[in-house]
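Here are some short notes for someone opening this structure for the first time. Please keep the view beside you as you read.

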Amino acid sequence: ITDLSSKEGAKLGTQVEKFSRRYAVDATEAAKALYMTISAGVPATNGGAQAFEVMGEAMKFGKAALLDAAGSVDLMTTVLNSYGMKASEASKVTDILFTTIKLGKTTGEELAGSLGRVTAIANSAGVSIEDLAGSMVVLTRAGLSTEESSTALRGLIASIAKPTEKSKKAIEELGLEMFNQGTLAQKGGIFKVLGELRDK
């Protein structure tokens with residue numbers, strides 16, 4: 001899936017072997033993780049530096065969150081791609097995911113299976129990854145499952161981005177103002193919006 005020469009491909013193979021030893025995973029599993037990383041659009045040039053950076057952060061997260069290599073790479077690349085983030089920001093994503101697990105009632109496996117449903121729409125509506133993760137913490141601590149939280153957030157964000165007449169009326173009846181991308185930032189993000197809705 002790359003345009004690399006056979007020599008460069010062989011170097012990647014050597015790197016995969018080192019990687020599998022460093023993270024105590026099977027070489028085949030490490031190779032699959034690299035394949036997934038590259039197929040998600042992370043460049044494999046320059047000895048695969050960016051691909052291995054993303055993969056390394058994903059594997060560290062996976063080990064700590066009891067998530068397999070494929071799941072951790074999928075989650076990492078989904079967040080990076082949804083938010084248009086660079087490979088160098090992978091450690092930032094890892095920190096956010098760890099914090100979400102620590103403060104919320106969720107697991108790495110649950111996030112891997114659910115978060116991707118909401119990241120793209122969240123970014124397009126101006127909801128930061130930090131704000132999204134904070135909202136996941138609030139909802140899961142309130143008793144919703146990770147899947148239910150992702151679904152609820154997706155619906156909420158969609159209704160904020162393109163509210164129906166029914167949504168507008170309900171917001172007005174609660175004594176709240178309509179939120180959009182601009183006012184989300186002014187109000188302190190979707191986390192604050194959820195707080196206001198909860199209080200009402």
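Which residues in α2 meet which residues in α4? Point 1 takes this up. Please remember throughout that the model is predicted.

1. **The α2 and α4 contact.** From α2 come Glu29, Ala33, Met36 and Thr37. On the α4 side they meet Ala69, Ala70, Val73, Asp74 and Thr77. By class, the residues of this contact are five nonpolar, two polar and two charged.

2. **How α2 and α4 are set.** Two packed helices are described by the angle between their axes and the distance between the axes. Helix α2 covers residues 27-39, and helix α4 covers residues 69-82. Their axes come within 9 Å. They cross at roughly 20 degrees. Angles under 35 degrees count as roughly parallel, so α2 is roughly parallel to α4. The crossing of α2 and α4 is right-handed.

3. **Thr28.** Helix α2 also holds Thr28. Is Thr28 buried, exposed or partly exposed? The relative accessible area of Thr28 is 46%. Buried means under 20%, and exposed means over 50%. Thr28 therefore counts as partly exposed. Look also at Val16, 12 residues from Thr28 along the chain. The C-alpha atoms of Thr28 and Val16 are 8.8 Å apart.

4. Now turn to helix α3, residues 45-64, and helix α5, residues 90-103. Their axes lie 9 Å apart, and the packing angle is about 15 degrees. That angle makes α3 and α5 roughly parallel to each other. The crossing of α3 and α5 is right-handed.

5. **The α3 and α5 contact.** What does each helix bring to it? Helix α3 supplies Val54, Glu57, Lys60, Phe61 and Ala64. Helix α5 supplies Ala90, Ser91, Thr94, Leu97, Phe98 and Ile101. Sorted by class, the contact of α3 with α5 has seven nonpolar, two polar and two charged residues.

6. **Thr140.** This residue lies in helix α8, residues 129-141. Thr140 counts as buried because its relative accessibility is 2%. What do its side-chain contacts reach? The side chain of Thr140 reaches the backbone nitrogen of Lys105 at 3.1 Å. A polar atom of the Thr140 side chain also lies 2.8 Å from the backbone oxygen of Met136.

7. **Around Thr140.** Set aside the neighbours of Thr140 within four places in sequence. Thr140 is then in contact with Gly104, Lys105, Ser145, Thr146 and Ser149.

Note on methods. Residues numbered from 1 in each chain as written. Predicted model: local features only at pLDDT ≥ 70, side-chain atom pairs only at ≥ 80, totals over all residues. Heavy atoms only, no water. Helix = DSSP H or I, 4+ residues; strand = E, 2+ residues; numbered from the N terminus. Buried < 20%, exposed > 50% of the residue type's maximum accessible area, 1.4 Å probe, protein only. Polar contact = N/O pair within 3.5 Å; in protein donor to acceptor, adjacent residues only side chain to side chain. Contact = heavy atoms within 4.5 Å. Axes fitted to C-alpha atoms, helices over the stretch in contact; angles between N-to-C directions. Parallel < 35°, antiparallel > 145°, perpendicular 65-115°, else oblique. Left-handed = near helix turned anticlockwise from the far one by under 90°. Nonpolar A, V, L, I, M, F, W, Y, C, P; charged D, E, K, R; others polar.
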